[in-house]
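Subject: Structure for you to look through

Dear colleague,

I am passing on the structure we talked about, together with some notes on what was found in it. Please keep the 3D view open while you read, and look up each residue as it is named.

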Amino acid sequence: MTTFAQQGTQPTGFPTRFREGEARSRRLGRPLRLLGRIDEVDEDLMERIGRAFGERDEAGARLAEAIRMRAGMPGKVTMTQLRTALEHGVAAVESPPPVLADFFAQVEATPDWVDWDLVDEGSRVFMRLGQNAADVLLQLSLISGYRFGGPPDLLVATGGLTGGTTRRRLAETQHWAVSLRTPGALRPPEPGSESGSGEAWRLTVHVRAMHALVNGFEPRWDTGRWGLPINQADQAATLGLFDGVLIIGCRALGVPISRPDARALMHLWKYVGWLMGVDEDFLVDDEWERHRINYHVLLSQAEISEAGPQLAQAAVEVQRDRSYPGWPGPMQRVRGWYETERLLSMLTVFLGIRSMRELGLPTRPPWAHAYLLPLNVLRYRVLGRTAKGRARLERRGDRNADSLLASYFGRERAEVGDLPE
């Protein structure tokens, strides 16, 4: 890992954002602290998180540097070579550059701790969560993160999730998340196999490469203030929003997630985090350990910045612009209005009135939770108690995924298999 101390950018190794908003974070994290049964702050863990703001994915950084080389330079990696390796493995690339070969030798080598049966079960659990997972990932994993400075500022600075790109970027994120719901989709390419890599594996490794390229923004980025553009602390925070927070959020919507189901989900995301280049210090199977890490990551965050409201408002506004399959043209605006109001209603409950005001979002009565809670009790605690009922939930989740992707992309799921740029 490369640290600030090594770079000479920040002698202490910590950016000024570190623990800047701790008093506010303690208030926001009170439910997580109680839920996770966290008695006191682990200062050793806080120091580890502080150092992580100055650490990057080194394998990804070397690949990104090779991609940015000028055409014709020795060791240059082209996007064609990258795409071929993602689809069929690095063995399918003729005379692969050394950096490309080293990177894919790493991601194609499955760690000994990976249990494929547990990963596939995690995919099935994820599928059964259906719309609930989509709601939590948008509201708690994405929009709630805009309450803290750093990553939102990077998104604004690089043009991600703002203006006309909002819908496309949200669509790509949804596409990636949906791909994880298919058992077997996280399999790496097998040498000599014509089947190639699984879609989720391909998209996950592609996202890692794109994140590494974003670190090329570093010369124009205030690293002393925020840390590296894509750093290990923010990577750990993102992973925690996709596994631990997903579990908590779905339970808050009335969906029962048993210990075996939680373990399967955690194992699924642990492997995803490994593929994404997250440091092993932040990769865990245990739900409660994730809650503990998440609480400490929360304490390390900065206050809200101007970027947060921009991104939050754009994510809400895009609901009006989605294309809703099966709804006639004249009713599209009605459905868009409904989805926007539903989102605001759920956000008001999840984030609270103070956070809604900080993000510049209007509050709404909790009518969405009022109908979702009893509906989920019926679906998951009654109908979902049997194997037949669980299979039905998985089929429903699959249909929901197709509809979700079509609404963001404006076309059928079968046509959105291309990797995002």
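**A buried arginine and the cavity beside it**

Arg 208 is a residue of helix H11, which covers residues 199-214, and please bear in mind from the start that the whole model is a predicted one. Is Arg 208 buried or exposed? Its relative accessibility is 3%, and because buried means under 20%, Arg 208 counts as buried. The side chain of Arg 208 reaches the backbone oxygen of Leu 275, at a distance of 3.0 Å. If neighbours within four places in sequence are left aside, the residues in contact with Arg 208 include Asp 57, Ala 59 and Gly 60, then Phe 103, Gln 106 and Val 107, and also Trp 274, Leu 275, Met 276 and Gly 277.

Arg 208 also belongs to the lining of the second largest cavity, along with Asp 57, Gly 60, Ala 61, His 211, Ala 212, Asn 215, Ile 230, Gln 235 and Met 276. The space in the second largest cavity is about 50 Å³, and its lining is made up of four nonpolar, four polar and two charged residues.

**The largest cavity**

Rolling a probe the size of a water molecule over the atoms shows where empty space is left. In this model the count comes to two cavities of 30 Å³ or more, and the largest cavity holds about 100 Å³ of space. Which residues line the largest cavity? They are Leu 137, Leu 138, Leu 142, Leu 170, Thr 173, Gln 174, Ala 177 and Phe 242. Helix H8 (116-139) and helix H10 (166-179) each supply at least two residues of that lining, with H10 giving the most, namely four residues. By class, the lining of the largest cavity has six nonpolar and two polar residues, and no charged residues.

The lining of the second largest pocket divides into 15 nonpolar, eleven polar and nine charged residues.

In soluble globular proteins, nonpolar side chains tend to be buried together. The largest nonpolar core here has 103 residues, and the ones that touch the most other members are Phe 104, Phe 126, Ile 143 and Trp 269. Another core, of six residues, lies apart from the largest one, and among its members are Leu 154, Phe 217, Trp 226 and Ile 230.

**Two further residues and one helix**

Thr 348 lies in helix H18, and with a relative accessible area of 12% Thr 348 is buried. A polar atom of the Thr 348 side chain lies 3.1 Å from the backbone nitrogen of Arg 364. Beyond its neighbours within four places in sequence, Thr 348 is in contact with Ile 353, Met 356, Pro 362, Thr 363 and Arg 364.

Ala 101, in helix H7 (residues 98-108), counts as partly exposed, since its relative accessibility is 23%. Leaving out residues up to four places away in sequence, Ala 101 touches Val 90 and Pro 96.

In helix H4 (residues 43-52), the buried residues are Leu 45, Met 46, Arg 48, Ile 49, Gly 50 and Ala 52, and the buried residues of H4 pack against helix H13 (232-242) and helix H16 (287-299). At the start of H4, a side-chain oxygen of Asp 42 comes to within 3.0 Å of the backbone nitrogen of Asp 44.

With best wishes

Note on methods: Residues are numbered from 1 along each chain as its sequence is written. This is a predicted model: local features need pLDDT of at least 70, side-chain atom pairs count only at pLDDT 80 or more; totals for chains, interfaces and linings use all residues. Side-chain values use heavy atoms; hydrogens and water are left out. Buried means under 20% relative accessible area, exposed over 50%, partly exposed in between (1.4 Å probe, protein chains only). A polar contact is a pair of N or O atoms within 3.5 Å; within protein, one must be able to donate a hydrogen and the other to accept it, and residues adjacent in sequence count only if both atoms are side-chain atoms. Contact means heavy atoms within 4.5 Å. On a 1 Å grid over the protein atoms alone, a cavity is a set of points where a 1.4 Å probe fits but cannot get out, and a pocket is an open set with protein on both sides within 12 Å along at least five of seven lines; lining residues have an atom within 4 Å of a point. Grid points are joined across faces, edges and corners, and a volume is the space filled by probe spheres set on the points. Ala, Val, Leu, Ile, Met, Phe, Trp, Tyr, Cys and Pro count as nonpolar, Asp, Glu, Lys and Arg as charged, and the others, Gly among them, as polar. A nonpolar core is a set of buried Ala, Val, Leu, Ile, Met, Phe, Trp, Tyr and Cys residues joined through side-chain atoms within 4.5 Å.
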